[in-house]
Amino acid sequence: MSAESNRREFMKRAGLLALTVPAAATVLDACASVATSAKASTIRVGWAIEPDTMNPLTTYSTEAVEVLQLIYDNLIHTGLDLKPEPGLATSWSYSTDGKSITYQLRKATWHDGKPFTSADAGFTFELIKSKQVSQYAQWVTDLTSAETPDPATLVLHFAKPQAFNPGLAVPIIPQHIWQSMSASQIQKFANSRPVGTGPYRFVNWIKGQSIEISRNETWWGTRPAAQKVTWILFQNEDVMAQSLRTGAVDICPEIPPTIWDGLAGAQNVKAVSMPSFSFHHIGINVSENPKSGGNPLLKDRVIRQALSYAVDRKQLVDVALAGHGIPGSTLLPAGFGEWHLDIPLSQQYNANQGKAKALLDAAGYTLRNGSSVRTSKDGKPLTFRLIAIQSTSVDVAAAQLFRDACAKVGIQLNLTTLDANSLGNTVYNSKAPDWDIFVWGWDTGVYDPDYLLGVPLCNQIGSNNDVYYCNRHYDQLYDEQATELDHATRRALVHQAQQFYYDDAAYIIMWYQDKLQGYRTDTWTGWTEVNGGIILNFTRDNYLKARPV
Amino acid sequence: MVRPAVEGGLGRGPGPDLTLSAQLAVETDADARQTALRRVWRYVLADPLGRVGLVLFVLVVLMAVGGPLFFPFNPAAVASSSAGLLRAPSAAHWLGTDELGRDVFREFLAAAHISLLVGLAATAISMVLGAATGIVAGFYGRWTDTILMRITDFFLVLPQLPLVIALAAFFGQSIGIIILVIGMTGWPTTARIVRSQVLSLRERMFVTRVRSLGTSNLRILRVHILPNVMPLIFANTVLVIGSAILAEATLSFLGLGDPVQVSWGTMLHFAFSSGAIGRAAWWYFVPPGVGIVLVVLAFTLTGHAIDQALNPRLRGSR
Amino acid sequence: MARFRYLARKVAWLAVTLYGVVTFNFLLFHVLPGNPVRLLARSGHLTPQTVADITKVYGLNHPLGEQYLIYLRGLLHGQLGLSYTYREPVGTLLGQYLGNTVLLLAGATVLTIVLGTGVGVVAANLRGSKYDSATVTTSVIGWALPTFWTGLILAFVLGVWLHAFPIFGEQTPNAIYTSSLQRFEDIAAHLFLPTLTLVVVNIAQFVLVARASVIEVLSEDFMTTAIAKGLTPRRILWRHAVRNAMLPIVTSSALLIGLVVAGAIEVETVYSWPGMGLLVYNAVLDRDYPVIEGAFLVFAIVVLLVNFASDLLYQALDPRVREA
């Protein structure tokens, strides 16, 4: 599986550096002497990370997908209630054995005037499958063929039933533009003039500054009110928040905690907080690879559970996130609603240093010879290496708090900070992973349990599986839920899988951070708060449904 | 960042150019050397800028020594709730709290240590490298000189900040790496200055015909060259420290510093990334900058006074 | 003829140094740790197919020696590789940002030289006076200021409290201009604070150099002759002192370029001025090696060329100077 939402971009968003000067909380209002576009016709979004490319097949960045999802249509889109709604497919149905999905397609036109047909849809899926390209490749691993019996029908055949409908994830690209490219050419293709069927057309991208799109008047859906959408890149979130105050932007989808706190009471600005689908976690190297450089003591579940008991997640949220988050527990964040397994506080491996010490004592890891660090029965000290990404300040803070908490139960952690790429390289060195414990995080690729549940699979070692966890029983649970089309049954399986993984404590999930956003109340209205955020989320509908004030 | 200056058109020196081609009276007599030292001391006291520098220097020493003794900083002493973050100065916290709720005053003092440590260590490396290069090049002359100077010129031309940034980015962000990186990019300027001094000393050597007496090179180096170059190197060292501290502050501010061992630059970095400006938390982002300026001034003014004492040209005489 | 030989030798040396910089650049960015394919991944997983494709596209499957030759050949054609972040040619990216940096640096450099020399000359002339002490003191303090911190304080005071100037970017976002004059004004307004920061920080250097070299010249013998000849003090100052003091000033100007280039990184980061400094800074954060490599090369070449020009200028101004 690959990540629709890439990890690195996630971490960048979580811990961006703010280096430019924002205005003080007492600043006066906007003093722009240059007229900006009439606010009522353009939605101006302010953010601090920009896309990497406009090529949907080579991008791994959430920001790129945010822009591209308005230029390209999927077969099925996610609505404001996070449920599927028709996109290029007006309806879809599963075959009786569940291994085929038939999509009825509507009439649509590409931005260059050519008509959209089922050939384009089939081409898209087959291209991704055959060239094994893009973050969407993971959704077509079981695809056997794509049939187009007529220009308005597409049938996808799979080797196994798909609980997650791939039509929700994959943007449909025009065959007449992409068909002659080889895999290398696709990798190099900048797609600087993207052509899709979506509600907006691409206008320009001034790198390092802004991206602009304008309304597609021949779009098949309900005409959106915004004539244009612009994303403005800020080098620092403080200036970004300031621009929200002064009215230079209409909405900011990602505001860091302490800066968001500073927006309270700002005139004409509403600061909103929604549960997200992301978490930050402590990962423990449990690789069985003989070449692994991870400390073998960590393969003992008792130590991992003791580490989990040592830390108080509420304190982490309060200090590192300024209170803007939910203390973490199971693999699916609370934002997933019924999919998230809610373990009662008393049964969680959390905030109980007494229990941690008891567990360790009972297992024979005791303090000998007046040392403050416990040792195993054959004298090995419980000293482990801890790594974190230096530019993610919340992680560095959490790592320090974790280290100090573990010191109190007799486990010594030596903290080193690395840049994001080095950490990725170290952790994902699957041939010989030489690390003990890390602090990192995950976003989810789609609004479906499948993505995150699929991380600790045996077949994901060398891929997404960052802690090299491998357990047959867990794999089995995952397979069952991935092919289970009955909702209630699937939910039960999803809960079982989470409980199982939680007990093994290879992940110590610290928090589910809140999505902190802000928007002006005097320019656009009709923003619906959704789990995961108003924008920069799986649904693009807020862009389409916003109305000028 | 590193601020080189003109040195009579022959090369660059660190620090503001308050001297021209530094030429020392060549004295081999021990008494004469002692007079030079006393001269420096007297001059430092007499010159107003030198006095200020000395006062600042004493303050810096007091801070470095007294800080951890009387106001130790505990990085684990974070706030217990989000209400304790970025609080204004109060009786409990003289300079308020940072974004994790820790005492800024104590953090300031602890950061002083790191900033000074990096500055001094990096300077030591670049002075040793630079002085060695300059002495060898100036003394042995001919091919050695040409080759060494070409290498030095090459490194002089490379833009320093981008190079330092690139090296720090690649090799990691720990205190040790930062020290190495700054030290290894600061030596060319010293090398040039030392070399030109050694060259002029060598000329006078020929005048005194020491060579004709058959003394070995090593002895000449040890007895004649080194003692007369040392004061220059010393004066330069003090000036280079200022540059090194500024370099470290810049690197840390740009996010390339060690996030666990916090220096003043790192404090500024975290101040901005946590939105201290937006919250007008001046207690967090003003003191570290002021600290940097004062420490750099301490070394620069003292260094300038020492330099002036050894160089008669710019002193009060017209 | 001697001049021509001197010039030829200088040019030859320039070529050698350029080649050295190019090679050093290559070595620096290709033998350092880091797996570029992983950098490109930016996610947990790349299909083996994609790994192979990326490796081919970036030419990473060749041995190092061959990569070096490819790199050299590419340079001669003006190609600097592909950015890891944007997957676009580095040259295109640099081109987009370079103009903005030149705009910023040109203004700052000229202002620093002119103002700095002026202030320094006056200070030298009024040596021992309060003006002189004030100038030296201010300059010494100015030298000690970190560029980024000065930028922040200036932006905070002038941009926020007094609300006199914008503190972010090159133009007002989404601006609609009624005339090109208005656009010019908007850019100028955004240019003010970054330029001011660079000038404040670097002028100290210049003032002290100008002052020192004028002082030295003033004490030379030929000045006494000029006074004896009955020239007025003003004439002495400007016609003789300054002209002869120009040499170190010329050299200092060359050095200034190096400084300003470095200062550009700090200032552009603080004010989000979309120039090469900002590009380098972001590229470093992203570990986008090709961009850092390309930018580094451009910086080095600029500094190299400016030094070369200043050497020539120095030689033209002062016939006494010859190769050391």
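Start in chain A and select helix H14 (residues 472-482) together with helix H15 (residues 487-504): their axes come within 9 Å and cross at roughly 160°. That makes H14(A) roughly antiparallel to H15(A), a label used for angles over 145 degrees, while under 35 counts as roughly parallel, 65 to 115 as roughly perpendicular and the rest as oblique. Axes here are lines fitted to C-alpha atoms, for helices over the stretch in contact, with angles from 0 to 180 degrees between N-to-C directions. Helices (H or I, at least four residues) and strands (E, at least two) are DSSP runs, numbered from the N terminus.

A word on the model: it is predicted, so local features need pLDDT of at least 70 and side-chain atom pairs count only at pLDDT 80 or more, while totals for chains, interfaces and linings use all residues. Residues are numbered from 1 along each chain as its sequence is written, and chains are lettered from A and ligands numbered from 1 in the order in which they are written.

Stay with the two helices. Their crossing is left-handed (the near helix is turned anticlockwise from the far one by less than a right angle; clockwise would be right-handed). To see who touches whom, show A:His473, A:Tyr474, A:Leu477, A:Tyr478, A:Glu480 and A:Gln481 on H14(A), then A:Arg490, A:Leu493, A:Val494, A:Gln496, A:Ala497, A:Phe500 and A:Tyr501 on H15(A). Contact means C-beta atoms, placed from the backbone, within 7 Å. Coloured by class, the contact has eight nonpolar, three polar and two charged residues (Ala, Val, Leu, Ile, Met, Phe, Trp, Tyr, Cys and Pro are nonpolar, Asp, Glu, Lys and Arg charged, the others, Gly among them, polar).

Next, pick strand E15 (residues 279-284) of chain A, where six of six residues are buried. Buried means 20 or more other C-beta atoms within 10 Å of the residue's own, exposed means 12 or fewer, and partly exposed is in between, with C-beta atoms placed from the backbone. A:Phe279, A:His281 and A:Gly283 point one way from E15(A), and A:His280, A:Ile282 and A:Ile284 the other.

What flanks this strand? Strand E19 (residues 437-442) of chain A runs antiparallel to E15(A) and is joined to it by six bridges, with A:Ile282 opposite A:Val439. Strand E20 (residues 507-520) of chain A is also antiparallel to E15(A), through four bridges, and there A:His281 has A:Ile509 as its bridge partner. Strands pair if DSSP finds at least two bridges between them.

Still in chain A, look for an open sheet of four strands, ordered E4-E5-E9-E8 with antiparallel pairing. Its edge strands, E4 (89-94) and E8 (143-150), each pair on one side only. Neighbouring strands of the sheet are turned by 20° against each other on average, direction ignored. Zoom in on E8(A) and strand E9 (residues 153-158), which pair over five bridges; A:Asp150 stands opposite A:Thr153. Helix H3 (residues 118-131) of chain A lies across E5, E8 and E9, at about 170° to E8(A).

Now hop to chain B and select helix H8 (residues 217-256) and helix H11 (residues 287-310): these axes come within 9 Å and cross at roughly 160°. H8(B) and H11(B) are therefore roughly antiparallel, and their crossing is left-handed.

Finish in chain C at C:Phe192, in helix H8 (residues 180-218) of chain C. Buried, exposed or in between? With 17 C-beta neighbours inside 10 Å, C:Phe192 counts as partly exposed.

Key. Contact = placed C-beta atoms within 7 Å.
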